[in-house]
Amino acid sequence: TPAAAIQGERVLHDIAVLAADSMRGRQVATPGGAMARAYLLREMRAAGLEPVGSSFEHPFTYSGAGGAQVQGVNLLGQVRGTRNPGQVIVVSAHYDHVGVGRPADGDSIYNGADDNASGTAALLEMARYFRANPPQNTLLFAFWDAEEAGLRGARAFIAAPAVPKESILLNVNMDMVSRSERGEIYAAGAAKWPFLRPYIDQVAARAPVRLLQGHDTPTPTPQDDWTMQSDQGPFHAAGIPFVYFGVEDHPGYHHPSDEVEAITPEFYVNAVRTIADVVRTLDRGADAIRQARAAMPAPQPAAQTQ
């Protein structure tokens with residue numbers, strides 16, 4: 001099970017590497033971003049992932065400030081399903097952050113430990129787990145670039161998917177999963193896609209963290225709906241169900257204090273185990289999920305907030 005097989009020390013090592021000062025905040029199209037990408041590529045190969053298409057690297061371009069063309073690079077690897085390899089669950093996290101910026105307390109490096117080295121390291125460890133414990137459906141592990149520039153990596157994937165769009169059953173996205181003094185993490189998505197709720201409830205009953213559902217409706221304020229606030233947004237807008245995992249905002253959000261020393265390590269490791277358990281549960285329920293999805297009209301996308 002994920003609770004037994006997810007290696008906490010390895011997860012904590014990966015987040016420390018990705019959030020190190022040497023990565024310079026991992027901003028898209030910078031040497032720090034390239035350094036993070038090289039580390040991820042090495043670990044993806046070591047985990048035994050299969051490239052999606054001819055390469056792990058999937059470049060894309062977008063118009064940045066003043067119309068300048070910026071190149072980002074998504075990293076895509078997969079573990080093929082043992083029973084239904086043509087049905088795909090995209091498991092994802094963005095590896096970029098905001099780089100170097102305005103100093104605060106003498107520190108100008110925005111390390112992005114929780115945002116989102118945490119989701120990236122979790123994704124790496126899940127890839128290792130599912131490579132050793134093959135899923136029934138194909139799991140596509142997507143490391144998005146340029147999320148902080150407006151969900152650019154996920155948008156590029158949806159605009160030109162590396163697998164047939166009709167084969168994508170759902171998206172499980174992680175963004176900020178390592179820092180909670182209260183020991184709780186939210187799973188958003190079931191308010192938009194109600195047939196996903198029982199699978200999340202099933203895991204919540206046995207999870208080593210408080211797994212709550214919410215932040216997927218515009219109440220009490222529109223900002224409380226996280227649907228379009230991270231890389232699950234383009235999937236939802238394309239009519240693809242999603243589950244998004246994240247903690248609530250904390251003082252380190254988009255601040256130089258978002259360093260690895262500020263995460264809550266025991267909670268983080270248990271959160272990774274919990275999310276991996278949800279992925280495994282969704283994989284096993286994939287046929288019923290596809291039937292329920294086919295019977296439900298696609299919900300209207302939430303307002304774009306990025």
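1. **Ground rules.** The model is predicted: local features need pLDDT of at least 70, side-chain atom pairs count only at pLDDT 80 or more, and totals for chains, interfaces and linings use all residues. Residues are numbered from 1 along each chain as its sequence is written, and side-chain values use heavy atoms, with hydrogens and water left out.

2. **Main core.** The largest nonpolar core has 71 residues. A nonpolar core here is a set of buried Ala, Val, Leu, Ile, Met, Phe, Trp, Tyr and Cys residues joined through side-chain atoms within 4.5 Å. Buried means under 20% relative accessible area, exposed over 50%, and partly exposed in between (1.4 Å probe, protein chains only). V91, M126, F141, I185 and F245 touch the most other members. Helix α4 (residues 113-132) gives the most to this core: ten residues. Helices (H or I, at least four residues) and strands (E, at least two) are DSSP runs, numbered from the N terminus. In soluble globular proteins, nonpolar side chains tend to be buried together.

3. Contact means heavy atoms within 4.5 Å. Leaving aside neighbours within four places in sequence, M126 is in contact with V91, F141, M174, V272, I275, A276 and V279.

4. **Strand β7.** β7 (residues 137-144) is mostly covered, with eight of its eight residues buried. Strands count as paired if DSSP finds at least two bridges between them. Strand β3 (residues 69-79) pairs with β7 in the antiparallel sense, over five bridges. One of the partner pairs is G77 with F141 of β7. F141 is also one of the residues that touch the most other members of the largest core. Strand β4 (residues 84-94) is joined to β7 by eight bridges, and these two run parallel. Here I89 has L139 of β7 as its bridge partner.

5. **Strand β11.** Five of the five residues of β11 (residues 242-246) are buried, so this strand is largely enclosed by the rest of the structure. In a regular strand the side chains alternate between the two faces of the sheet. Both faces of β11 are covered. F242, Y244 and G246 are buried on one side, V243 and F245 on the other. Strand β8 (residues 168-174) runs parallel to β11, joined by four bridges. Strand β9 (residues 184-188) runs antiparallel to β11, joined by three bridges. Which residue of β11 is the bridge partner of N173? The partner is Y244. A188 also stands opposite Y244.

6. **Helix crossing.** The axes of helix α2 (residues 8-18) and helix α8 (residues 265-284) come within 10 Å and cross at roughly 110°. Axes are lines fitted to C-alpha atoms, for helices over the stretch in contact, and angles run from 0 to 180 degrees between N-to-C directions. That makes α2 roughly perpendicular to α8. On the angle scale, under 35 degrees counts as roughly parallel, over 145 as roughly antiparallel, 65 to 115 as roughly perpendicular and the rest as oblique. G8, V11, L12 and I15 of α2 meet P265, Y268, V269, V272 and R273 of α8. These divide into seven nonpolar, one polar and one charged. Ala, Val, Leu, Ile, Met, Phe, Trp, Tyr, Cys and Pro count as nonpolar, Asp, Glu, Lys and Arg as charged, and the others, Gly among them, as polar.

7. **Cis peptides.** Most residues other than glycine have a negative phi, and most peptide bonds are trans. The bond from D115 to N116 is cis, with omega near 0°. N116 is in helix α4. T219 and P220 are also joined by a cis bond, with omega about 0°. P220 lies in the loop between β10 (210-213) and α7 (232-237).

8. **Positive phi.** R24 is not a glycine, yet has a positive phi of about 55°. R24 is in the loop between α2 and α3 (31-47) and is partly exposed, with a relative accessible area of 44%. D105, also not a glycine, has a positive phi of about 55°. D105 sits in the loop between β5 (100-104) and β6 (107-109). Is D105 buried or exposed? D105 is exposed, with a relative accessible area of 82%.

9. **H236.** H236 belongs to helix α7 and is buried, with a relative accessible area of 0%. H236 and V52 are 184 residues apart in sequence and 22 Å apart in space, C-alpha to C-alpha.
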